Amino acid sequence: TVAFVTTYRTELLAQSLLFVLSAGAYLWFFGSLRAFLRRGEGQAGTLSDIAYAAGAVWTGLQMVFQSVQVTLAMATGRSMEPAIAAMFSNLAYALSVVAYVPLAAMLGAVAAVSLRSRVLPAWIGWLSLVMAAAHLAMSAGIVVDTGPLVPGGALTYLLYLSMPIWLVAVTTAMVVRPRKPRSVASPQRV
């Protein structure tokens, strides 16, 4: 752990900085997605609210994860007890696995609204559903130590690659296919 963080200190700090700077964009995106989904969902907007809240929780967990990573990277210039480094490394690992759950909830809510109302194309709804299931499966990283389900395992890289594709697809659909709010019929005058 100490050797890895020491070797890749600059890269880890750069990665953390990029995520911290993008956190505002993520919150903006989730807020815009909420408004867009609500157009298809209607008045109650429960699933739209769930999508926003779960996205915000995921962003918050990622910020805490980045804070732990920055703490480890900043401590590499000083002597660090291996046990303390391992504890911080385990905390980062736990945060990355726990964060899959709210992301799965967000994707599931998007899938439900999209497939029900077609506010987003059906293929995005199905992609969201598959990704939600995959993120839930990845949360099994809490109970496994090795294999494709642990952070850094083979499946995590597929998820990392699928998320930007999903973001671009949803953003494009929101911009290109804006849905007008459902119009309420005005009362007839007699």
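**View 1. S96 in helix α4.** S96 sits in helix α4, which covers residues 82–98; helices here are DSSP runs of H or I with at least four residues, numbered from the N terminus. The model is predicted, so local features need pLDDT of at least 70 and side-chain atom pairs pLDDT 80 or more, while totals for chains, interfaces and linings use all residues. Residues are numbered from 1 along each chain as its sequence is written, and side-chain values use heavy atoms, leaving out hydrogens and water. With a relative accessible area of 13%, S96 is buried (under 20%; exposed is over 50%, partly exposed in between; 1.4 Å probe, protein chains only). A polar atom of the S96 side chain lies 2.7 Å from the backbone oxygen of Y93.

**View 2. The length and faces of helix α6.** Helix α6 holds 17 residues, 122–138, and should span 24 Å at 1.5 Å a residue (1.5 Å times one less than the number of residues). The end C-alpha atoms of α6 are 24 Å apart, which agrees. Buried in α6 are I124, G125, S128, M131, A132, H135 and M138. Seen down the axis, the buried residues of α6 fall within an arc of 140 degrees, so they line one face of the helix (the arc is that of the directions from the helix axis to the C-beta atoms). W123, W126 and V130 are exposed on the other side of α6.

**View 3. The neighbours of α6.** The buried residues of α6 pack against α4, α5 (100–117) and α7 (154–176); contact means heavy atoms within 4.5 Å.

**View 4. R118 between two helices.** R118 is found in the loop between α5 and α6. Its phi is near 65 degrees, a positive value in a residue other than glycine. R118 is partly exposed, with a relative accessible area of 41%.

Key
Polar contact = N/O pair within 3.5 Å; in protein donor to acceptor, adjacent residues only side chain to side chain.
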